[in-house]
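Good morning, colleagues. Please take a moment to look at the sequence and the structure on the screen, and I will then walk you through several features.

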Amino acid sequence: MSIIRPAAVAGMFYPDDPAELRHTVNALLANATAGSPSRPPKALIVPHAGYVYSGAVAASAYAQLEALRDRIRRVVLLGPAHRVYVRGLALPEADRFVTPLGKVQLDREAMQRLDALPQVTRSTAAHQMEHSLEVQLPFLQQVLGDFQLLPLAVGEATAAEVAEVLEKVWGGDETLIVISSDLSHFLPDAEARKVDGRTIEAILALDSHLSHEQACGATPVNGLLLAARKHDLRAVKLNVCNSSDTAGDPDRVVGYAAFAFEPEAHHEHA
């Protein structure tokens with residue numbers, strides 16, 4: 001019996017009609033503006049608000065994957081658990097996640113490997129309503145060919161615990177790591193831009209000491225930044241905005257940024 005995790009936020013964060021959703025995602029990808037990394041990314045940081053707010057920033061990261069459509073076979077996807085307390089990182093009990101664009105098969109073999117780590121648990125509740133992971137799926141379904149998903153809802157954990165999980169499933173060119181995080185929350189526009197500016201500098205410097213005031217996904221982001229140092233990846237800023245740039249109130253904004261992580265040039269021929 002296959003266990004399915006149905007879409008929880010279709011019709012809220014993104015369209016629930018498949019044709020409309022495909023059209024929306026394709027339009028966001030077609031209009032994506034981004035600094036362009038010189039090499040295929042190993043990892044991405046993307047925002048997770050409703051598409052009307054942060055879809056354009058997310059698309060700037062996903063547009064980098066067009067050329068990797070047939071190379072990426074597994075996506076390791078981490079985002080903060082918003083609704084349920086999680087100690088460590090939670091895998092779902094499901095075999096598949098479903099969106100209006102169809103089913104995404106989970107990488108059960110990798111999930112079993114992670115079960116051996118003490119900081120990894122299984123939780124249906126942690127995934128049931130979690131939007132930080134779900135909103136990434138239609139983009140991945142649209143830009144990639146056949147891929148398996150390894151989704152982790154990240155709760156109370158250290159950056160080192162997250163990095164250890166990433167290490168176990170790091171893989172090669174076939175594996176993409178996606179970290180879902182927004183930046184500051186509910187500050188006035190001018191203040192938010194200052195705070196987010198400092199956060200962006202820290203990410204570019206691979207400084208793995210971000211706080212949750214700087215990024216709601218600080219824990220998985222910090223874990224990626226630790227791993228990026230170890231694997232000699234550099235961060236490339238792709239796009240930044242906040243909700244007042246798109247559809248929100250300038251007195252209470254949420255910040256969004258997208259980054260790609262690519263190998264440092266001197267590792268090309270190593």
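Predicted model: local features only at pLDDT ≥ 70, side-chain atom pairs only at ≥ 80, totals over all residues.

The lining of the second largest pocket comprises six nonpolar, seven polar and three charged residues. Two or more lining residues come from each of β10, spanning 185–187, and β12.

The largest nonpolar core contains 84 residues, and Tyr62, Leu65, Val75 and Phe261 have the most contacts inside it. The greatest contribution to this core is made by β12, with seven residues.

Let me turn to a pairing partner of β12. Strand β2, residues 43–46, pairs with β12, residues 253–263, in the antiparallel sense through three bridges. Within that pairing, Leu44 has Ala260 as its bridge partner. Strand β2 also runs parallel to β9, residues 175–180, and four bridges join the two. There, Ile45 is placed opposite Ile179 of β9.

Which residues of β2 are buried on each side? Ala43 and Ile45 are buried on one side, and Leu44 and Val46 are buried on the other, so that both faces of the strand are covered. In a regular strand, side chains alternate between the two faces of the sheet.

Finally, I return to Tyr62. Leaving aside residues up to four places away in sequence, Tyr62 touches Leu44 and Val46, and also Leu29, Gln136, Phe139, Leu140, Val143 and Val178.

Notes. Residues numbered from 1 in each chain as written. Heavy atoms only, no water. Buried < 20%, exposed > 50% of the residue type's maximum accessible area, 1.4 Å probe, protein only. Pairing = 2+ DSSP bridges. Core = buried A, V, L, I, M, F, W, Y, C linked by side-chain atoms within 4.5 Å. Contact = heavy atoms within 4.5 Å. Nonpolar A, V, L, I, M, F, W, Y, C, P; charged D, E, K, R; others polar.
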